[in-house]
Amino acid sequence: MSVGDVEFGRALGELVAGRGAFVEVTGDPGTGKTALLGRLARLAGARGIEVLRARAQGAEGKPYQVFRDACAEEARLPWDSAGERELVRALLRRCGPGGLVLLLDDFHHADPASVRLAEHLAGEVPHGPLLIGIAHRPRQTPTALLAALDDGVQDGCVARVEPVPLDAGAVAAMFPAEPAECAAELCALAGGNPRVLRILAVLGTDPELWPARTDAAAGPLLRAAAPLLAEADGLEPDTAVVLAAAAVLGEPFRLGDVAEVSGLGAARATRALAELSRADLVRPVPAGGQLAFRHPVLGHLVRHRMPPGPRLDAHRRALALLAGRGAPAAARAVHAEHALTGAGPGGAPAGALAALTEGAAEVFAEAPATAARWLRVALGAASGDRRDTETRVRQALDCCRALIAAGRPEEARSLGHEVLRSREPLPEPLRAEAVAVCVGVERLLGRYAEADAMARTVVDRLPRPLAGPLPEPTADLLFEYGLLHAFRGEAAEVRGLIREAYGAHGASGADTDPGSRTALRVLAVFCDSYAGEFVRTAPELAACARLVDARPDTVTGRAPEVLALLGCAELYLERFTDAHRHLSRGLAVASGGAHKHLAVNQLIGLSVLDQWAGRLDRSQRHALEAERLAEEIGAPDAAGLALAMRASSLLWTTPRRRTAEALALADEGLRRTVPGAGWWAGSALGLLAMGRLLGGDPEGCLRTLLDEGGEDLALIQPPARPTLFALMTGAAALCGDFDAARRSALAADRASHGLGRPAFQQAQADRALSVLALIEGDPRRAAELALGAAAAFRSLRMPVLYAWTVIGAMPAVVPASGPAAALAALDEAIGAARDCGALLLVEEGARVRAALTAAGAGVGAGAANGVGGPAATLSAREREVAELAASGLASRLIAERLVLSPRTVDTHLGSAYRKLGVSSRMELARLLARSAGRQG
């Protein structure tokens, strides 16, 4: 049921019964009042009731003009107040057998006589089948009519209907192609107002981008904004000039500033602003005696429609006004940009270039796109001035940084290369600064070889050991160089250089940037943690965390990068709470459209933490947002890892019959990353391998790990090796390759030992050793290791890995602890999986439980000897394959008999071997024979 249908239905019911009714539709401009009147007209028409409509044209119209327009009675009725009764009688005469509906829109513009008649009708509805419906804006409606309508509502004479603002769901339905987050932003900025929403659908939610989009979509924008602009078109000349001056100043604005910029003087500007307030185009700001537009988009549209000459003059006056007041550079830069854009050669206003440069520095952290635009304007205005090359180069490099932060790396790359191609030789510190900027953008775009070659043009010429104090540009270049190698998977190669740079930076008590020095220290710690030096890194990591926690976000421009590096290092060292805190803080610093490349890193890290913590839906959302941002800025490595991360979280929540979709996404994610030993590719590789194992493809898991990571996983970062060796162990066991499983399990344990045996890494190694113990026929040891690993995961608050480990341990737990204890542990694991939405594990746990329960007494009878318990965990197909293999049939003959592929037969047979703790067909035959004898 639509808004107002109840009130409309009741009013139409009165009409059909021969009684009069009055309906008021009230609300702000653009909220849908006219649409509601149209709804009432359709409901009336469906009942066969005549409908008359009109729209009020203005207070200066003839008496009762809106009523007369509706009834076409202008020629026959008097124009004075004595005609009120005659007009009502004429309306009643027009009523047909089913009555008459009279709908009057924009009634806040009605002439005084029409307003008085509406006041009368609101308190005393005519005795007859006449329904009066008016739509009005309460801010512009005469107070006497508002009072009469309120009284009518209280007395039950007036039915009031107010449009309901659109919610995020309704907006998402209107724009199905937009992500849900964008629809929610549109809804919030529009305040649920449909008219404003249609305009914002063209302009977007970022006011900084409105100027460019206004020109690009002039036609659709003008159509969407026509009702809004029509309100400004009928203004008196002075009022229109003041409205334009306010639009140039931007909101909020003061009366005195408007008077100055408009050039009309205080008295005329005051009268014009009063008129704008009555027209509800501007409204007072709650505090400070300032004014603002009804909606910010109105001011933008008014300013955009100004003729170029008056607009340029207004911006020049505004710039001079704010400069004389000593306003912040960012406020002056708004007007300097327009004053310079429209200025001819040599026509730049005084102080405009300085305002743009200083203003860009002020807004860089929150609005890098604006900073880049202002710097572009400054560079263009100074292009003919060859006197200060160093200043122009610094402006260009600052513009590159702003473009990177705004998510436009290709533009930054083009401008940075332009600087390096300069015919004029650059001083060495300035050249190092330019190279650092270009290395950063090449890394971001996945062009690692180019970035490395560029960096080495300076790094290879540095004196070693590095002498202090280290110049700031050199420190920045070494930071970028270290970051590049960390992402390439070569952190170990630059650890020494970064630690040396940290020591040299600030040596001899030099006055260096403490934020930059902290960034080098954190990067050194990250490189150590990436290389697996956990024991040595732990105290230094704690010291870095204290330093970063003590600093405000804006102390250094590298704050988001430092927080990302710190959070990732803490993730490696299993300080998950601190990692979540620093990654979340970094994401907040990199929010609002700024530093998109850094937000990607924060989001991926948070997605990992969320998956481990069992927040699978949130993990998918973080990964999806990271993927969107990475694609937006053209970072293929980051987009690939984000896609693989999303697929991994999706896999846990997907029923087994639909795992192919998630695996395809994970495979695509790995293919998007740049091949090699980089962090991105290595992480995506691990996610794909785990996905294939979970999806029932152990051969694919092994193939992925061996082909991409090497047999000893030398191409993978050390902290990931225990986990991947554990995956390799389980996959090899399922494939029946017990020698490979043994090698991988021992490698997992060695890798964990090399990291200092932290809890998470050791739990992964113990999972692998559990499989090895089962292969070697020691289910008690296998159960001890597996349940110990599960307990470690649980203590780390990793419910998904806990549940997966317990469910997979059942072939060992049943013979080691008995069916009752096994079922209790299994039920607890299934509950943990269900609580975090891991449907894949819930299904697998239920399958294992059904097998154990179905075995009944047989499980208990054979459990003590390790026979009934393991055999009961086989699936129906595994049992079928195992029995045929025990009878002496080769895999090819089994495949022919069961209409399977030989590979599938080997997979089922390998799974049966692992679950039963045997390593040959002879052992399998003896085990099944004993089991059959006991059950018989």
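Which residue just after H41 takes a positive phi? That's Gly-818, with a phi of about 95°. Before going further, keep in mind that this is a predicted model, where local features need pLDDT of at least 70, side-chain atom pairs count only at pLDDT 80 or more, and totals for chains, interfaces and linings use all residues. Residues are numbered from 1 along each chain as its sequence is written, and side-chain values use heavy atoms, with hydrogens and water left out.

Back to H41 itself, residues 810–817. Helices here are DSSP runs of H or I with at least four residues, numbered from the N terminus. Seven of the eight residues in H41 are buried, so this helix is largely enclosed by the rest of the structure. Buried means under 20% relative accessible area, using a 1.4 Å probe and protein chains only. The residues in question are Met-810, Pro-811, Ala-812, Val-813, Val-814, Pro-815 and Ala-816.

Now for a helix pair. H5 (residues 112–123) and H6 (residues 143–155) have axes that come within 8 Å and cross at roughly 15°; the axes are lines fitted to C-alpha atoms over the stretch in contact, and angles run from 0 to 180 degrees between N-to-C directions. Angles under 35 degrees count as roughly parallel, and H5 and H6 are therefore roughly parallel to each other. On the H5 side, Val-115, Ala-118, Glu-119 and Ala-122 meet Ala-144, Leu-145, Ala-148, Leu-149 and Gly-152 of H6, contact meaning heavy atoms within 4.5 Å. Sorted by class, that contact has seven nonpolar residues, one polar and one charged. For the classes, Ala, Val, Leu, Ile, Met, Phe, Trp, Tyr, Cys and Pro count as nonpolar, Asp, Glu, Lys and Arg as charged, and the others, Gly among them, as polar.

Next, look at H36 (residues 721–734) and H38 (residues 759–775), which pack at about 20° with axes 8 Å apart. H36 and H38 are therefore roughly parallel to each other too. Their contact divides into seven nonpolar, four polar and one charged residues.

Finally, zoom in on Ser-649, which sits in H32 (residues 636–652). With 0% relative accessibility, Ser-649 counts as buried. Its side chain makes a polar contact with the side chain of Gln-611 at 2.8 Å, and another polar contact, at 2.5 Å, joins the side chains of Ser-649 and Ser-619. A polar contact is a pair of N or O atoms within 3.5 Å; within protein, one must be able to donate a hydrogen and the other to accept it, and residues adjacent in sequence count only if both atoms are side-chain atoms.

Methods
Buried < 20%, exposed > 50% of the residue type's maximum accessible area, 1.4 Å probe, protein only. Helix = DSSP H or I, 4+ residues; strand = E, 2+ residues; numbered from the N terminus. Parallel < 35°, antiparallel > 145°, perpendicular 65-115°, else oblique.
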